[in-house]
Amino acid sequence: MAISLAALLGVKSLNLSKVGVAETTWHQDINWVAVTELEDPQRFINGGELVLTTGLRLKSAPEQRRFVRQVQRAGAVGIGFGVGLSHEAVPPALLAEANRWGLPVVEVPYETPFIAIGKLVADAQSADHYAKLERLIAGHQVLARALLTGGGLAELLKHLGGMLRADIALTQFTAQLYNSTKDNPQADTWASYPIPTGRRDACTLWVRRPFEDYGIIGYAQNLISVELNNMVKQRQSERALCGQVLEDVIHGALETSEAQRRLAGVGINSTRKNVVLLAVSAAHHKALVSTSVPRELENSVAAVVGKDLMLVINDDGGAAPSLARKLSDHLAEAGIHATIGIGGAYTKPNGLRWSYFEARDAASHGLPVNEPERLSLTSLLLASEDVPLADMAHESLNPLRTFDAAHGAELMTTLESYLNNNGSVAAVAEELTLHRNTVRYRLAQITELTGYDPAVTTDRVQLWLALAVARLSARQGK
C-alpha cells in the first residue's frame with residue numbers, strides 16, 4: 001500500500017526523525033519523491049510529493065523561507081532535509097516557516113541516501129497499484145459471473161454496491177430498473193454515470209456518495225450496456241410472440257377454449273378482468289415497440305400488434321387511467337410521441353377483443369391519454385378487417401366528392417345536413433340557407449350519382465354509415 005510520512009518514520013533502517021510541530025499532511029499518502037537543490041522547485045512539483053533537499057543553495061534565512069512557501073504552494077506532503085552536507089541541522093528559519101504553513105519536516109541523516117527513500121516509496125506505490133489491479137480483476141470476474149450465471153442486472157448491481165459499499169440505482173427515462181434503497185437518486189448526494197445504449201441519456205447508473213471507485217464502475221458501465229441491449233432484443237422477441245397470440249384473439253380466429261389456453265401461455269388469465277392500454281405512434285413506432293415500460297407496468301403483458309404497443313393489465317378499470325398517464329410520461333421522457341388509448345375491463349377472450357377495440361378507438365382521439373368511450377357500431381365494424389367498410393364508404397361517397405370538386409355543388413354538405421336533421425328538407429334549407437326546392441334538387445342529384453336514395457330507409461342507412469366511416473377513418477389517419 002502507499003506509504004505516508006508517519007509510516008516512513010517507522011522504517012528503522014532509514015533513521016529518519018521528525019522535526020517541527022506541523023502534522024497537516026502527516027498521514028497523507030506520498031505519491032512520489034522529488035529530489036531538488038533548486039531555490040524555486042515549484043514548477044517541477046505536481047502535488048503529493050515528499051521533497052528531498054540538502055539545502056545546497058539555501059544559504060540565507062529569506063531563501064530558506066521562500067523555499068518552504070514554494071514547496072507548500074505546489075502541494076507537497078512534506079520536506080525531507082538531508083543534514084551533514086550543506087547544513088549540520090535543519091535551518092531554524094526553514095523549520096519556523098514550515099511550522100507556520102503546516103508543512104511537516106523530517107530530518108534525513110547523512111548516512112541515509114535519498115535513493116533509499118525513493119525506492120521505498122516506489123515499492124509501496126507499486127504494491128498498492130498491484131493490489132488495486134488484483135482487486136479490479138477480481139471485481140471484473142464477480143460482475144461478469146453475475147450476468148453469465150443468469151443473475152441479470154439485479155445481481156450485477158447488488159455485487160457492485162457491495163464492492164463500492166454504497167447504495168446503487170439504475171434508471172432509464174422515468175423508470176427505475178434497480179434501486180438498493182427506497183430513496184430516489186439526487187444529483188447533490190449521488191454520482192451519476194451514463195450508460196451507453198445507443199440513445200442519448202437513455203440510462204443512468206447512480207452511486208450514493210461517499211464511495212471509492214478503483215476503476216470497477218467503468219467496467220460495470222460496459223456490462224450494463226451489453227445487458228440492456230440484450231434485454232431489448234429479448235423484449236422484442238417476447239412481444240412479437242405475444243403479439244401473434246393476441247392478433248389471433250383480436251381477429252376472432254380461435255375458439256374460446258383455445259383462445260383461453262393460448263392467452264394463459266403468454267401470461268394472461270382471461271377468467272379475470274383485463275384492461276388493454278394501447279400506445280400508438282406513427283412517427284416513432286419502431287422505438288415504441290422495443291422501449292421499456294414504467295416499473296408499475298412491469299407485470300403487465302406487453303405485445304406488438306401491428307405497429308402499436310399493446311399492454312394487458314389485470315385490473316377492474318380503476319387503476320388503468322393512472323397507469324396510462326405513467327406510461328405516457330415515460331414514453332415522452334424517452335422522446336417517443338405517442339397517444340395512449342384505454343380499453344374497458346372485461347373477462348374472457350371476447351372481452352379482451354372488445355377492450356382492444358375500445359382502446360384503439362380511444363387512441364384515435366389524439367390526446368396523450370384517452371379514456372374509453374362506448375363503441376359505436378361503426379367503430380366496431382371498422383375495427384374488423386373482415387368487413388371492407390372503408391372501401392364501401394369510399395365507393396359510395398367518391399362520386400359526390402368528385403362532383404363537388406368539379407362543380408362546387410356541396411352535395412356532401414347537403415347529404416350530411418339531411419342525415420343529421422333526420423331527413424327534414426325544411427331543416428336542411430334553414431341550416432344551409434337554401435330554398436327547399438334547391439335541397440330537393442340536390443337530393444335528386446345524390447340519388448343519381450350514388451344510386452342510393454336518401455329518402456329510402458335502407459339507402460339512408462347505407463349513406464349514413466358511409467359518412468360515419470369516412471369521419472372515423474379520417475380521425476384515425478386511414
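This is a short walk through a predicted model, one selection at a time.

Start with K18 and W26. The charged end of K18 sits over the ring of W26, at 4.8 Å from the ring's centre.

Next, pick out two cysteines, C203 and C242. C203 has a relative accessible area of 1%, so this residue counts as buried, the cut-off being under 20%. C242 is buried too, with 3%. There is no disulfide to look for, as the structure holds zero of them.

Now move along to P210, in the loop that runs between β9 (203-208) and α6 (216-250). Show the backbone here: the peptide bond from R209 to P210 is cis, and its omega is near 0 degrees.

The next stops concern phi. Most residues other than glycine have a negative phi. Select K348, in helix α10 (residues 348-363). K348 is not a glycine, yet its phi is positive, about 70 degrees. Its side of the story is an exposed one, with a relative accessible area of 55%.

Then go to E410, in the loop between α12 (389-407) and α13. E410 also has a positive phi, about 60 degrees, and is partly exposed at 45%.

Finish on helix α13 (residues 411-420). Is this helix enclosed or open? Seven of its ten residues are buried, so α13 is largely enclosed by the rest of the structure. To colour them, select L411, M412, T414, L415, S417, Y418 and L419. Just after α13, click on N422, where phi is positive at about 55 degrees.

Notes:
Residues are numbered from 1 along each chain as its sequence is written. This is a predicted model: local features need pLDDT of at least 70, side-chain atom pairs count only at pLDDT 80 or more; totals for chains, interfaces and linings use all residues. Side-chain values use heavy atoms; hydrogens and water are left out. A disulfide is a pair of cysteine sulfur atoms within 2.5 Å. Buried means under 20% relative accessible area, exposed over 50%, partly exposed in between (1.4 Å probe, protein chains only). A charge sits over a ring if NZ of Lys or CZ of Arg is within 6 Å of the ring centre and within 35 degrees of the ring normal. Helices (H or I, at least four residues) and strands (E, at least two) are DSSP runs, numbered from the N terminus.
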